[in-house]
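Visitor: I'd like to learn how to read the ring contacts in a model like this one. Can we go through them together?

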Amino acid sequence: MVPLLNRPFLAYQLALLSQHGVGDVILTCSYRVEDVRDAMGVAMLGAGLRYVVEKEPLGTGGGVRNAADLVRGRVWVLNGDILTDVDLTAMARFHEARQARLTILLTRVPDPRPYGLVEIDADGRIHRFREKPATDEPLTADTINAGVYLLDAELLRRIPAERAVSIEREVFPALIADGVACFAWCPTAYWRDIGSPDAYRIAQMDLLDGRVRTSLVPAGRRQGAAWVAEDVVLASDARLEGAVVIGAAARVEDRARVGPRTVIGAGSVVGSGARVEEAVVWERVQIGAGAVLRECVIANDVRIGSDATIAGGAVVAAGTVVSDGARITR
């Protein structure tokens with residue numbers, strides 16, 4: 001639910017699914033479910049939404065199994081922290097051409113150790129799945145599990161019910177061992193795991209730079225390279241530089257400079273003479289006069305004092321008060 005360009009991250013996944021003709025989406029939830037419902041409702045971006053709630057956390061496999069009785073035929077499964085513009089239609093064609101029962105999206109990364117390493121043959125058939133290899137293990141591939149799966153719904157019912165299960169460590173290796181037709185597809189596409197603060201911020205820089213193909217655009221009107229909500233107040237001598245998104249009811253005061261590559265959330269205020277660049281600022285943040293924000297993430301309802309500096313990948317938690325003149329970096 002974290003915002004990307006002032007929209008819930010999940011909206012980007014729904015837009016991708018809708019673009020490729022998927023109109024029935026089940027959200028498997030366990031944490032702060034009502035917050036998800038409040039933000040997403042029952043329909044969004046052409047997709048009807050249903051919710052399946054875990055009484056206890058069931059892991060990546062158990063959570064999917066919890067929804068298995070609601071689906072049939074061919075099913076897409078997406079990890080909830082992956083930003084990608086992969087061509088799902090092309091992936092489905094690959095799946096059909098190989099007569100696969102499971103197809104996993106792969107991507108290449110410089111260091112695959114933090115992820116699930118997938119080894120395939122020349123035709124794309126998976127012959128080994130190694131989840132997060134140890135640092136002393138030799139690497140035989142640089143392709144990793146990218147968290148997008150296309151599979152027969154019947155395979156979901158093989159997952160043990162009502163207990164925590166890892167789809168990566170238990171389910172996929174078992175399918176491969178049983179000789180199920182499991183294939184991997186590794187196209188050229190944008191992909192980023194946004195599960196760390198740095199990756200989360202960089203994903204928004206990538207969106208601002210146009211590196212991610214998406215039908216979802218920021219709310220508001222175009223003003224040069226910026227997207228500015230209709231009720232934003234900009235001082236006559238405030239400057240927006242490069243790609244910027246400014247949310248509803250925000251205010252940018254005199255001599256302030258915002259951008260490049262910056263997101264300002266709804267109801268936030270950039271004080272007189274403040275400088276904000278390559279930063280992600282959530283809602284209702286008060287940025288004091290002369291403050292400098294660079295390469296940081298500021299959560300909701302933060303108050304930043306005059307002439308404070310926040311930089312170097314710092315993350316400021318919701319409700320924090322930063323004193324005048326403070327220096328925060330990581």
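This is a predicted model: local features need pLDDT of at least 70, side-chain atom pairs count only at pLDDT 80 or more; totals for chains, interfaces and linings use all residues.

Visitor: Which residue lies over the face of Y51?

Guide: That's R37, at 4.5 Å from the centre of the Y51 ring.

Visitor: Now for ring against ring. How many aromatic pairs are there?

Guide: Rings pair if their centres lie within 6.5 Å, and planes over 60 degrees apart make the pair edge-to-face. The count here comes to four aromatic pairs. Take F94 and F183: their centres are 6.4 Å apart with 75° between the planes, an edge-to-face pair.

Visitor: Why does that pair tie together parts that are apart in sequence?

Guide: Because F94 lies in helix α4 (residues 88-97) and F183 in strand β12 (residues 182-185), parts 89 residues apart in sequence. Both F94 and F183 are buried. F94 and F183 also form one aromatic cluster with W185.

Visitor: What about Y149 and F172?

Guide: Their ring centres are 4.9 Å apart and the planes sit at 80°, so this pair is edge-to-face.

Visitor: Is Y149 buried or exposed?

Guide: Buried: the cut-off is under 20% relative accessible area, and Y149 has 1%. F172 counts as buried as well, at 1% relative accessibility.

Notes. Residues are numbered from 1 along each chain as its sequence is written. Side-chain values use heavy atoms; hydrogens and water are left out. Rings of Phe, Tyr and Trp (its six-membered ring) pair if their centres lie within 6.5 Å; planes under 30 degrees apart count as stacked, over 60 as edge-to-face and the rest as tilted. Helices (H or I, at least four residues) and strands (E, at least two) are DSSP runs, numbered from the N terminus. Buried means under 20% relative accessible area, exposed over 50%, partly exposed in between (1.4 Å probe, protein chains only). A charge sits over a ring if NZ of Lys or CZ of Arg is within 6 Å of the ring centre and within 35 degrees of the ring normal.
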